[in-house]
Amino acid sequence: MRIKVERRLETPKFIYILIPLASIIASLIFVGILLFLIGVNPIDAYSTMIYRAFGTKFGVTELFVKTAPIILTGLAVSIPLRAGLWNIGAEGQLYMGAFAASFIALYLSPPPVVLPFMVIMAVLAGMMWASIPGVLKAKFELNEIISTLLLNYVAIYWVEYLVYGPMKGKEVYNFPYSDLFSDYAILPRFFGTRFHAGVIVAFILAIAIYILITRTSYGFAVKIVGANPKAAEYAGISRKKIIISTMILGGAIAGFAGMMEVSGLHMRLRAAVSPGYGYTGIPVALLARGNPLFVIMAAFLFGLLYVGGSAMQTTYGIPVAVVDVFQALVVLFIIGGDFFTRYRISFVFREASA
Amino acid sequence: MLESEFIASLIAASMRAGTPLLFATLGEIITERSGVLNLGLEGVMITGAMVGFYFSYVTGNPWIGILAGGFAGLLLAMVHAFFTVTLKVDQAVTGLMLVLFGLGITGFLGRGLVGEVASYLQPVKLPLLSEIPYIGTAVFSHDPLVYIGILIVPLLWFFMNKTRYGMELYAVGENPEAADTVGISVDRIRFIAVLTGGFLVGIAGAHLSLAYAKVWTDGLTAGRGWICLALVIFSGWMPQRAIFGAYLFGGLDVLSFKLQAAGLGVSYHFMRMVPYIFTILVLLFSVIREREKFGAPSALGKPYIREQKY
């Protein structure tokens, strides 16, 4: 017996909805089995997760607070991805943004105007950090996956170095924290919760990026470079410029995410500014297929996971790492399922040999 | 003679720290030679590290741990092979998800092993050779996997360059259409190459937890998988060059500890950035130098689907 793979000529529409849904359910089942194996009732765990996210005012606002940075990192991955580039470095770009914003907040604050200044510097820092792999890719064809990832480690250790050393706060005992920012350097919060102004900006940015990539000639150029680099060349579009500019745009957004986290949430620079939002941007971008509006939806799914993940940690002592497992599984199931949208599989028995 | 002692201990430590890098780099060279890119090294390696540690912890025999680590690597590689070779899915995406999966599952299941002690690989002093002053402690007093790693290099070179199977591997990675035409099963060779590579990467992880670090911690591999991906490029996909890269980066890894121990007042956190910056520079250097005769297999990263006529 032989397995025969044929290209589908037509794909039924429902498959495009069915596959993501089935993938999410399959991943929930798989993680449920893992939970069961370590002695946690998966149904209890999942209900706790849902209740935490939707059952209280705190939960709902937390969901938004955790979704916002994921929207931003999802965009930071999506934009270069449309040009065929993998920005695995959103995590590092976020850390550099957090560093730049904190530096301004702690040392250079002309009080009333400090917030916009923090935003500008964070965005610049993210852009600068993303421009390194962008330029190396454009000029030397250096693999951007490896370079962006290695730069993540550099950025994370840089922030660790600072909060253990030069920027360590005076009254933080042995914690790797800087001092608290002054009130001027903290984003306004609403409803008496942690819901801060940055969340709203994240949503606006997603819509703005949607318009940029669907309604402008720049967005069109990016799409052509991603879909068909040769055609782009004939159309007179500079592939190098698109490579560098999409990376920088992604870095700018991730850099802002860093500012938002330190100014809106932590109110200081600290080690582990992000629990891996930069990496979560990858499954988000894949689920959203590069569409910024879908990025918002996918980000909510993973935001829910982070809220639920921390609820499961406090209630059952389950490590948050389970979120990573879930993310990986969803994507693997989706791309595995994607195969069935493109190909039809049939089993061929011996007599059919050519 | 204090300086010679320092250098001897630095060489010894470089070889020990370089051995996991060597195994993982060799594993990825085999994988990539077949035309399959496995970006999941970091995830495969850490899974090997945790599973290896667990089995040594339970059985008390580090060799069982090493083998178990290898098989864990093989299992994850099988997922990669199934997705990329059988289903022809995007290799980059699958690899990246293996990283997330490996880091996640080890953080999840390895929680109970943090702080535990497992029996680790004991160093073996080679008779007579280890008696040589300085050189003896630097080169001839290691755990057996260090020597095995050194032995694999010429064997792999011979296999890849002088045997029929090596040639087939080469053909599949360079020109799968042509290989297919002459009757070589592209998918089968790729599958075997990915599994073999995964086995070596798993062993690399197990060496990390059972001979180098001697403990299990969350995120133990700390980016070594990515450094090895860069080392593959640096070595030009040649095993004989991989060993230099691996020991060089092993040395870099331990240098920060040694400098700190020597009381030079260099911040530990600052030194931790150095290997990653250095990796990018080395990568850049390799890419610029070999731009014309770049050693990458031509079909690397491209799924092979036999053309169909309707």
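How many helices and strands does chain A have? Chain A has 13 helices and 2 strands, where helices (H or I, at least four residues) and strands (E, at least two) are DSSP runs numbered from the N terminus. This is a predicted model, in which local features need pLDDT of at least 70 and side-chain atom pairs count only at pLDDT 80 or more, while totals for chains, interfaces and linings use all residues. Residues are numbered from 1 along each chain as its sequence is written, and chains are lettered from A and ligands numbered from 1 in the order in which they are written.

**View 1. Chain A as a whole.** The radius of gyration of chain A, taken over C-alpha atoms, is 22 Å.

**View 2. Where chain A meets chain B.** Here 38 residues of chain A are in contact with 36 residues of chain B; contact means C-beta atoms, placed from the backbone, within 7 Å. On chain A's side, the elements giving two or more residues are strand E1 (2-7) and helices H5 (114-140), H6 (144-164), H11 (277-288) and H13 (321-342). That side has 28 nonpolar, 4 polar and 6 charged residues. For these classes, Ala, Val, Leu, Ile, Met, Phe, Trp, Tyr, Cys and Pro count as nonpolar, Asp, Glu, Lys and Arg as charged, and the others, Gly among them, as polar.

**View 3. Helices H7 and H8 of chain A.** The axes of H7 (residues 197-215) and H8 (residues 217-227) come within 5 Å and cross at roughly 70 degrees. Axes are lines fitted to C-alpha atoms, for helices over the stretch in contact, with angles running from 0 to 180 degrees between N-to-C directions. The two helices are therefore roughly perpendicular (65 to 115 degrees). A:Leu212, A:Ile213, A:Thr214 and A:Arg215 of H7(A) meet A:Tyr218, A:Gly219 and A:Val222 of H8(A).

**View 4. Around A:Met118.** Leaving aside neighbours within four places in sequence, A:Met118 touches A:Ala101, A:Ile104, A:Ala105, A:Ala185, A:Met259 and A:Ser263.

**View 5. B:Ile152.** This residue sits in helix H6 (residues 144-162) of chain B. With 19 other C-beta atoms within 10 Å, B:Ile152 is partly exposed (buried takes 20 or more, exposed 12 or fewer, and partly exposed lies in between, with C-beta atoms placed from the backbone).

Definitions and conventions
Two residues are in contact if their C-beta atoms, placed from the backbone, lie within 7 Å. Angles under 35 degrees count as roughly parallel, over 145 as roughly antiparallel, 65 to 115 as roughly perpendicular and the rest as oblique. The radius of gyration is taken over C-alpha atoms; the globule rule is 2.2 Å times the number of residues to the power 0.38.
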